[in-house]
Amino acid sequence: MVIDDSKTIRRTAEMLLKKEGCEVITAVDGFEALAKISDHRPQIIFVDIMMPRLDGYQTCALIKNNATYRAKPVIMLSSKDGLFDKARGRVVGSEEYLTKPFTREELLGAI
């Protein structure tokens, strides 16, 4: 699953992952993602940090606080690459942190 309010990032990640044979579900924000997660049960979740309504940190925390989805890997996506941002991602339960724009190798490497 790719959660990002940027259509360009969603399409880029979706295209790269589909070329590798992955089925990809997208969402424009955390609220849409939480509704889709229960329906589609993704194996891995990429989530942008800066989104309206429910940001990536909040979305990740909600996923990780749910016993059903706690084990799902969450990878944060952000244009920020500061130590504080990465640490905050770890605090809410993310397994990895990718800085945008990411390369194909970085995206696949995170998986």
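In this predicted model, the side chain of Lys100 makes a polar contact with the side chain of Asp48, at 3.0 Å. That pair is a handy place to start, and Lys100 comes up again below. Lys100 sits in the loop between β5 (96–99) and α5 (104–110). Is Lys100 buried or exposed? With a relative accessible area of 16%, Lys100 is buried, because anything under 20% counts that way. Leaving out residues up to four places away in sequence, Lys100 touches Asp4, Ile9, Asp48, Leu77, Ser78 and Ser79.

Asp48 is found in strand β3, which covers residues 45–48. Asp48 counts as buried too, at 3% relative accessibility. Once neighbours within four places in sequence are set aside, the residues in contact with Asp48 are Ile3, Asp4, Asp5, Gly56, Leu77, Ser78 and Lys100. Asp48 also carries a database label: UniProt lists it, in an unreviewed entry, for "modified residue: 4-aspartylphosphate". Such annotations may be inferred rather than shown by experiment.

Next come the charged pairs. Side chains of opposite charge can pair when their charged atoms come close. How many salt bridges does the model have? The count comes to 9 salt bridges. One of them joins the side chains of Asp4 and Lys100, with 3.1 Å from N to O. Asp4 lies in the loop between β1 (2–3) and α1 (7–19), while Lys100 is in the loop between β5 and α5, so this pair ties together parts that are 96 residues apart in sequence. Both Asp4 and Lys100 are buried.

Helix α1 has charged pairs of its own. The side chains of Glu14 and Arg11 meet in a salt bridge, with an N to O distance of 4.0 Å. Glu14 and Arg11 are 3 residues apart in helix α1, which means about one helical turn separates them. Glu14 is buried, with a relative accessible area of 16%. Glu14 also meets the side chain of Lys18 in a salt bridge, this time at 3.2 Å, N to O. Lys18 and Glu14 are 4 residues apart, and both lie in helix α1, about one turn of the helix from each other. Lys18 is partly exposed, with a relative accessible area of 46%. Back at Lys100, salt bridges that share partners join Asp4, Asp48 and Lys100 into one network.

Last up is Cys60, which belongs to helix α3 (residues 56–64). How buried is Cys60? Its relative accessible area is 0%, so Cys60 is buried. Not counting residues up to four places away in sequence, Cys60 touches Val74, Met76, Val92, Gly93 and Ser94. As for Arg70, it is 10 residues from Cys60 in sequence, and the two are 9.6 Å apart in space, C-alpha to C-alpha.

Conventions:
Residues numbered from 1 in each chain as written. Predicted model: local features only at pLDDT ≥ 70, side-chain atom pairs only at ≥ 80, totals over all residues. Heavy atoms only, no water. Helix = DSSP H or I, 4+ residues; strand = E, 2+ residues; numbered from the N terminus. Buried < 20%, exposed > 50% of the residue type's maximum accessible area, 1.4 Å probe, protein only. Contact = heavy atoms within 4.5 Å. Polar contact = N/O pair within 3.5 Å; in protein donor to acceptor, adjacent residues only side chain to side chain.
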